[in-house]
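This briefing covers charged side chains that pair up. Look over the sequence and the structure before reading on.

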Amino acid sequence: QVQLVESGGGLVQAGGSLRLSCAASGRTFSSYAMGWFRQAPGKEREFVAAISWGGGSTYYADSVKGRFTITRDNAKNTVYLQMNSLKPEDTAVYYCAASKRPGFAANQQMGAPAYDYWGQGTQVTVSS
């Protein structure tokens, strides 16, 4: 069982930056691939970024590529999402998730069903 707690959300102007953190409980954090998803009002939850167990492989949604960076610190049981050049369309609740599926294929990790544990989410609001 893994418990995930997100933090770092808030209100920021367009063009600004935020760094989200997701702290995980348990001693097996390094055995999970991690992902970030987001859900805007009236829209479905969508994939944002994913990172492999050791941090050597990452995937990004096209909409955030070049602006967002996912990293992890296994010693701190934490995964991060650095968000730069934020746009109003980035406004959403951001969720982190942990996946214990074998492998780290893009078509797997970009889908919510690959993830077994989810945090409660943190709100990010980008004003124009």
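Is R38 buried or exposed? R38 is buried, at a relative accessible area of 5%, where buried means under 20%, exposed over 50% and partly exposed in between, using a 1.4 Å probe and protein chains only. The model is predicted, so local features need pLDDT of at least 70 and side-chain atom pairs count only at pLDDT 80 or more, while totals for chains, interfaces and linings use all residues. Residues are numbered from 1 along each chain as its sequence is written, and side-chain values use heavy atoms, leaving out hydrogens and water.

**Salt bridges**

- Side chains of opposite charge can pair when their charged atoms come close.
- A salt bridge is counted when a side-chain nitrogen of Lys or Arg is within 4 Å of a carboxyl oxygen of Asp or Glu.
- The count under this rule is five salt bridges.

**The network**

- R38 and E46 form a salt bridge at 2.6 Å, N to O.
- E46 is partly exposed, with a relative accessible area of 36%.
- R67 and D90 form a salt bridge at 2.7 Å, N to O.
- R67 is in the loop between β6 (58-60) and β7 (68-73) and D90 in the loop between β8 (78-83) and β9 (92-99), so this pair ties together parts 23 residues apart in sequence.
- Both R67 and D90 are buried.
- A network of salt bridges links R38, E46, R67 and D90.

**Another pair**

- R101 and D116 form a salt bridge at 2.6 Å, N to O.
- R101 is partly exposed at 29% relative accessibility, and D116 is partly exposed at 26%.

Methods:
Helices (H or I, at least four residues) and strands (E, at least two) are DSSP runs, numbered from the N terminus.
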